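Please read the notes below with the structure open beside you, and look up each residue as it is named.

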Amino acid sequence: MNLTISPNINLEASATLAINEEVKAMWNRGETVYHLGFGEARFAVHPKIEEALKTNAHRKAYPPVQGIPELREAVANYYGNFLNLDFSAEQVIIAPGSKALLYAVQMALDADVLLASPSWVSYAPQAQLLHKQAIHVKSTSDNAFALELEQLDEALKRCTRPHKLLIINSPNNPTGRVLEPAFLQSLADYCRKHNIIVMSDEIYGKVTFDFEEHSAIKHKSLASYYPEGTIILGGLSKHLSLGGWRLGKAIIPKTMLELTQAINAIASEIWSAPSAPIQYAAVTAYSQDADIESYINACVSLHAARSSYIWKEISKLGIRCPQPQGAFYMMPDFNQYREGLSAKGIHNSKDLASYLLKNYSIATLPSQAFGLADSELALRLSTSFIDLETDEAAKDVLNHWQGDWQAGMSFDDLVKQKHPNTAKMLEQFGSFVEHIQGRTP
């Protein structure tokens with residue numbers, strides 16, 4: 001049959017989903033791959049949330065487009081307490097994942113899209129699907145990929161529409177970095193002055209940690225400084241390992257409730273409403289239950305320990321990498337090895353990621369996928385999957401961590417016992433560095 005694909009769909013599949021499917025296909029062929037390419041939180045569903053889903057499996061009626069009232073109220077209370085802000089249920093929108101809400105907000109607003117670079121792989125393609133200009137705010141490895149107001153000034157000059165939407169993500173995917181309170185205050189002042197609406201993707205807001213103590217710390221939202229102009233997005237996928245449940249939320253400022261109406265209209269024509277059983281189960285997830293919150297903290301502490309260990313070992317190899325402060329990512333750069341890489345036919349981050357996968361069995365993502373310049377030789381590493389490849393392995397590692405860490409066991413010891421693939425992956429990275437430095441053939 002003859003057909004013509006719309007020229008609007010001039011996109012490749014999401015880089016994060018594509019690498020995950022590629023790795024799984026390689027595993028199915030019996031190949032060894034050290035999976036640092038996909039950011040999926042791997043821990044088990046908390047028993048209370050699992051039981052809530054079973055209890056509500058009979059829910060089959062269409063729920064309200066904006067989300068069931070019980071869940072919107074629970075989300076408003078949960079994040080009001082978490083961020084020390086005042087939210088109401090009318091500000092909350094529930095959707096099948098935060099990705100749908102990111103798209104709907106961009107669709108609803110007549111605004112150019114400003115992206116703090118590096119930025120998550122789907123922000124720019126969503127803007128492209130909507131025929132909007134996605135303008136990257138430049139950053140480089142030389143400033144640890146930080147968002148700077150001077151570069152935001154430069155990006156504003158390239159805008160063509162009177163209104164602007166800035167998308168930020170803290171903790172950040174792909175760097176694991178956090179926007180500090182002093183900078184958030186400056187950014188709030190800047191956006192207020194320039195009338196910029198901000199979509200703050202805080203999907204990792206509950207996965208912010210003390211790097212050395214391996215403990216969760218308090219997340220700060222731009223909404224604390226710019227409540228009238230900040231749309232907060234998030235969901236269950238990261239801090240509760242519920243990515244496949246596809247449950248996201250947006251909190252709209254009280255000054256923008258007409259935006260809620262627009263998003264509801266979009267939702268009514270595209271996804272109708274998230275699954276009813278999932279929504280009712282999510283009420284328990286957002287109930288501020290002490291057992292669930294303790295479980296979140298245990299998972300965050302293990303994410304922190306794994307990220308800390310891998311970052312320290314990567315740094316020992318002489319690889320430059322900003323220290324992660326949250327989520328489960330880091331972005332090392334290899335610019336210092338440019339001459340050696342060029343001799344191997346590696347001229348950009350896509351070449352670099354391909355070379356590592358083909359020759360060292362390490363799956364990563366190129367920095368180009370996150371909006372950085374082709375000249376940057378950087379990679380995103382995800383620490384969430386390796387040695388947690390099966391549900392059984394993930395449960396076993398977390399159980400040991402909860403018991404042994406509290407008894408004073410070091411993470412180095414846990415790695416020796418429960419992280420064989422992490423150890424082998426780091427050996428492969430060491431061999432790669434020696435190779436590009438010319439110390440091995």
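This is a predicted model: local features need pLDDT of at least 70, side-chain atom pairs count only at pLDDT 80 or more; totals for chains, interfaces and linings use all residues.

1. A search of the whole structure finds 16 aromatic pairs. Tyr79 belongs to one of them together with Tyr78: the ring centres are 5.3 Å apart and the planes stand at 70 degrees, so this pair is edge-to-face. Tyr78 is buried too, with a relative accessible area of 3%.

2. How far apart in sequence are the parts that Tyr204 and Tyr329 tie together? Tyr204 lies in the loop between strand E6 (196–201) and strand E7 (209–210), while Tyr329 lies in strand E11 (residues 329–330), so the pair ties together parts that are 125 residues apart in sequence. The centres of these two rings are 5.5 Å apart and their planes are at 90 degrees, and therefore the pair is edge-to-face. Both Tyr204 and Tyr329 are buried.

3. Aromatic residues also gather in a group, for Phe334, Tyr337, Tyr355, Tyr360, Phe429 and Phe432 form one aromatic cluster.

4. Finally, a charge over a ring can be seen at Phe385, where Arg42 lies over the face of the ring, at 4.6 Å from the ring centre.

How values were computed: Residues are numbered from 1 along each chain as its sequence is written. Side-chain values use heavy atoms; hydrogens and water are left out. Rings of Phe, Tyr and Trp (its six-membered ring) pair if their centres lie within 6.5 Å; planes under 30 degrees apart count as stacked, over 60 as edge-to-face and the rest as tilted. Buried means under 20% relative accessible area, exposed over 50%, partly exposed in between (1.4 Å probe, protein chains only). Helices (H or I, at least four residues) and strands (E, at least two) are DSSP runs, numbered from the N terminus. A charge sits over a ring if NZ of Lys or CZ of Arg is within 6 Å of the ring centre and within 35 degrees of the ring normal.
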